[in-house]
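Welcome! Please take a moment with the sequence and the structure below, and then we can walk through a few of their features together.

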Amino acid sequence: MERLSSSAKLMVVSDLDHTMVDHHDHENMSLLRFNALWESSYRHDSLLVFSTGRSPTLYKQLRKEKPMLTPDITIMSVGTEITYGNSMVPDSGWEEILNQNWDQNIVKEEASKFPELTLQSETEQRPHKVSFYVDKSKAQDVTKKLSELLTKQGLDVKIIYSGGMDLDILAQGAGKGQALAYLLKKFKAEGKLPTNTLVCGDSGNDAELFSIPDVYGVMVSNAQEELLQWHAENAKDNPKIIHATERCASGIIQAIGHFGLGPNTSARDEADLSGCKKENLSPGGEVVRFYLLHEKWRRGEMENSESYITTLEAVCQPPGVFVHPSGVEQSFRECISALKGNHGDQQGKQYRVWVDQVFPTKIGSDTWLVKFQKWEMHGEEQQSCLCSAVLVTKDADGSDGWTWRHLHQTWSSVAGAKDHLSWLL
């Protein structure tokens, strides 16, 4: 929350499974489209919040499987845990609020009286959440009776049924909606209330997000019946909530455009990446474009001609230096020469490149230091490195493009050095 000195231009608060992440999109294209848009146009002045029913364990597992960005804030375990930044520092103030009228042992004891409930794995049992599986046909009756029992025990709880099978018992103050309301209250107290907030979801445990006043909302096209029914009964006349016609992250991009919240054209949607629009020529946009061209070259999705090599030579200054994460130092020209022989070396393979946490800092009248994390996916394997690049504008506003003066990479401690040879630039 301290990264921005003023209010976020846009805060996107999104569920993960079947909202930001499409498990039926094996190429992860909708997610990669969103990634490119966010890092090009929003990361520097906006906030990304993931709000998931997953526990920290399952959330970290998902990050190893999918090309996900790093959020500024993570809300996990159906709104019972809030953490900040890369280190996922917990919000102790939120924990104190949830401790009121909550006793996990009593919840488990009373729930054990219902044979219809099957306790989920130990990783999904959290300090302020107890999770079960229950058949859809029995969910409503079990919820009513269990709620009455827990109330008699003096507990103040919330029971949420979602996904057609998950039943979560939470501390009453918890939930995705309350967690977001808590964050907005903190931002307002600091004088940093986001200019616009967009909430995104697909299932019943996301309904609370759409109840927060003054936010925009998108139910992705693949939203489940339980959320659509909630919307029909509670918010059908709210013009700030739409049911997208596109799935998952593509639906989020659609909503950004529908509500006019900012740019909504991803670099991955541009036919000619060598000639970007002016709005994409920010330092972040240049980094996204540079590595997207790199991906297309190695996947053989662009013609094996001198045009790409000429484009690279035009943006890399002749005395420029590239330091490979292995420590090997070479000139940009040497790197470009080596790339010529790698056209299509990843053709037909599940090879993708994306950048994360692109943070530009102006260090001179025409010079920027851009720090970011570069990721590559080879099949199910991911590897990444931390990058520092010095970029120079060719004119005052960057509309004429950029040149790369220096690029230094070091292996990430999260997913570094699996294959030195396949990592080219």
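Let us begin with a pair of side chains: those of Glu 225 and Lys 136 meet in a salt bridge (3.9 Å, N to O). The term salt bridge is used here for a side-chain nitrogen of Lys or Arg within 4 Å of a carboxyl oxygen of Asp or Glu. Glu 225 belongs to helix α7 (residues 225-234) and Lys 136 to helix α5 (residues 136-152), so this pair links distant parts of the chain, 89 residues apart. Helices (H or I, at least four residues) and strands (E, at least two) are DSSP runs, numbered from the N terminus. Glu 225 counts as exposed at 55% relative accessibility, and Lys 136 is exposed with a relative accessible area of 55%. Buried means under 20% relative accessible area, exposed over 50%, and partly exposed in between (1.4 Å probe, protein chains only).

Before going on, a word on the source: this is a predicted model, in which local features need pLDDT of at least 70 and side-chain atom pairs count only at pLDDT 80 or more, while totals for chains, interfaces and linings use all residues. Residues are numbered from 1 along each chain as its sequence is written, and side-chain values use heavy atoms, with hydrogens and water left out. The average pLDDT (the predictor's confidence in each residue, from 0 to 100) is 92 for the protein, and 96% of the residues score at least 70.

The structure holds 24 salt bridges, including these:

| Pair | N to O distance |
|---|---|
| Glu 225 and Lys 136 | 3.9 Å |
| Arg 43 and Asp 72 | 3.8 Å |
| Glu 208 and Lys 158 | 2.8 Å |

Glu 208 lies in the loop between β10 (197-201) and β11 (216-219) and Lys 158 in strand β8 (residues 157-162), so their pair ties together parts that are 50 residues apart in sequence. Lys 158 is buried, with a relative accessible area of 10%. Arg 43 and Asp 72 are both buried too. Salt bridges with shared partners join these two to Arg 3, Glu 39 and Asp 356 in one network.

Now for a sheet. Its six strands form an open sheet in the order β14-β13-β18-β17-β16-β15, with mixed pairing. Two strands pair if DSSP finds at least two bridges between them. At the edges stand β14 (329-331) and β15 (351-362), each with a single partner strand, so one side of each has no neighbour in the sheet. Strand β13 (residues 316-323) pairs with β14 in the antiparallel sense over three bridges.
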